[in-house]
Structures are given as C-alpha cells and as structure tokens.
Amino acid sequence: MTEEAILQGCLKNVAPAQRELYNRYSPKMLAVCYRFAHNREDAEDMLQEGFIKVFSQIHTFQNKGAFEGWIRRIIVHTCINNLKKNKRFNESLDIVHAHGVQVREESVPSIVQAKQIVECIRILPIGYRTVLNLYAIEGYSHKEIADMLDIEESTSRSQYTRAKQMLEDILIKRGFSPNPKRSQSGCWRSVNKNPICESIPKTD
C-alpha cells in the first residue's frame with residue numbers, strides 16, 4: 001500500500017489503512033518513545049496515546065513535509081506532555097544554570113547519533129535526558145524546547161550542557177573514547193572495537 005493510499009484510507013477511517021500505518025511506523029516511533037520514557041511499559045503507553053492523536057489529527061496533515069516527520073512530531077509532543085505530568089520531571093528542570101561546565105565540543109556533537117549509545121543516554125537524569133533528546137536528536141531549538149517544557153531558554157541550554165558533560169563521562173567509564181582519527185565526525189569507539197557512527201534518523 002502506498003503512502004498516499006494509506007493517507008486516503010485513514011482519512012476515511014478504513015481499518016486496513018489504519019493498521020498499515022501503525023505497522024509501518026510504530027517500530028520507529030516506539031524507539032522515539034523509549035528514549036523519553038522511564039521504561040518500556042511507559043514507552044508503549046506513550047506510543048498508543050500518540051497514535052490515537054495521529055489518527056484523530058490526520059486530516060490536518062497538509063503534505064508540506066515528510067509524513068513520517070509529521071507523525072514523529074506528534075509522538076514527541078505526546079511524550080513531553082506525559083513527562084510534564086510527572087512531579088519528578090518538573091522538579092528536575094528547576095536547576096541552577098550551568099556556569100563553568102567545560103565540554104570538549106570536538107568530541108561530543110555526534111555521540112548521540114550512535115544507536116549503541118541510547119542506553120547511556122537513558123541513564124541521564126530525566127531533565128537532562130529530555131533536553132538532550134529534543135535538541136541533539138529531534139532537532140528542536142532551545143527556544144522551542146523552552147516553550148515545550150515551560151522553562152527559560154537559558155535553562156534548556158544549561159540542561160543540555162550538563163547532559164553532554166555527564167554523557168561524555170558515562171561513555172568514558174564504559175570504555176568508549178573519541179576516535180582521534182575521526183574527531184571531526186564526532187565518532188566514538190569502544191576499546192578494541194570499530195568506530196560507532198551509525199546515525200539515528202532525525203525528524204524532518
């Protein structure tokens with residue numbers, strides 16, 4: 001079934017088209033939810049809620065960009081809305097700004113693009129993890145993140161700075177180190193293993 005056929009079918013509430021849309025995009029979207037959620041069960045709940053919104057809002061898709069990107073944005077916003085209901089999440093965003101935190105920028109920018117690093121990202125405190133996911137993987141600006149999370153733009157920047165520093169420390173402790181021969185690409189490698197450069201797709 002083509003994407004256009006799926007769209008037209010979903011607009012008419014045709015069950016096979018809806019099932020095809022879910023089967024085609026849910027694995028990628030579950031991976032998105034998993035990066036934000038506390039556990040797989042929470043991720044699956046976010047996914048189900050997100051797809052309910054996809055089906056109810058599909059009439060608003062205007063073909064001004066990738067359909068998958070449109071779905072992804074709905075899923076991400078669903079994840080954020082779920083997190084904002086969590087008191088611990090809201091408290092984790094209320095931090096002192098990160099003054100004096102030094103990050104080796106040449107070694108950090110692309111580490112979040114390695115699928116093997118996802119579990120390391122999930123170790124981060126929930127506030128750090130959320131901002132890092134939104135900025136480095138989903139491609140939102142700090143201003144957009146501030147609006148989404150109801151925080152100051154400077155808080156988003158400080159959360160991201162601290163998240164990068166903590167992630168770098170975790171990677172080093174787990175035996176990963178920047179590949180000196182490929183520093184410009186931001187690749188990391190584990191001890192005695194090949195560089196880690198497999199990218200996670202970004203939203204359009």
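Predicted model: local features only at pLDDT ≥ 70, side-chain atom pairs only at ≥ 80, totals over all residues.

Reply: The axes of the two helices, α2 and α3, come within 9 Å and cross at roughly 135°. Angles over 145 degrees would count as roughly antiparallel, so at this value α2 is oblique to α3.

On the α2 side, the contact is made by Gln-18, Leu-21, Tyr-22, Tyr-25, Ser-26, Met-29, Leu-30, Cys-33 and Tyr-34. From α3 come Arg-40, Ala-43, Glu-44, Met-46, Leu-47, Gln-48, Phe-51, Val-54 and Phe-55. Sorted by class, the contact of α2 with α3 holds 13 nonpolar, three polar and two charged residues.

Next, the loops. α2 spans 15–36, and the loop between α1 (3–11) and α2 contains Asn-13. α3 spans 40–57, and Asn-63 sits in the loop between α3 and α4 (67–83).

Most residues other than glycine have a negative phi. Asn-13, however, has a positive phi, near 60°. Asn-63 is not a glycine either, and its phi is positive at about 60°.

As for accessibility, Asn-13 counts as exposed because its relative accessibility is 58%, and the cut-off for exposed is over 50%. Asn-63 has a relative accessibility of 54%, so Asn-63 also counts as exposed.

How values were computed:
Residues numbered from 1 in each chain as written. Heavy atoms only, no water. Helix = DSSP H or I, 4+ residues; strand = E, 2+ residues; numbered from the N terminus. Buried < 20%, exposed > 50% of the residue type's maximum accessible area, 1.4 Å probe, protein only. Axes fitted to C-alpha atoms, helices over the stretch in contact; angles between N-to-C directions. Parallel < 35°, antiparallel > 145°, perpendicular 65-115°, else oblique. Contact = heavy atoms within 4.5 Å. Nonpolar A, V, L, I, M, F, W, Y, C, P; charged D, E, K, R; others polar.
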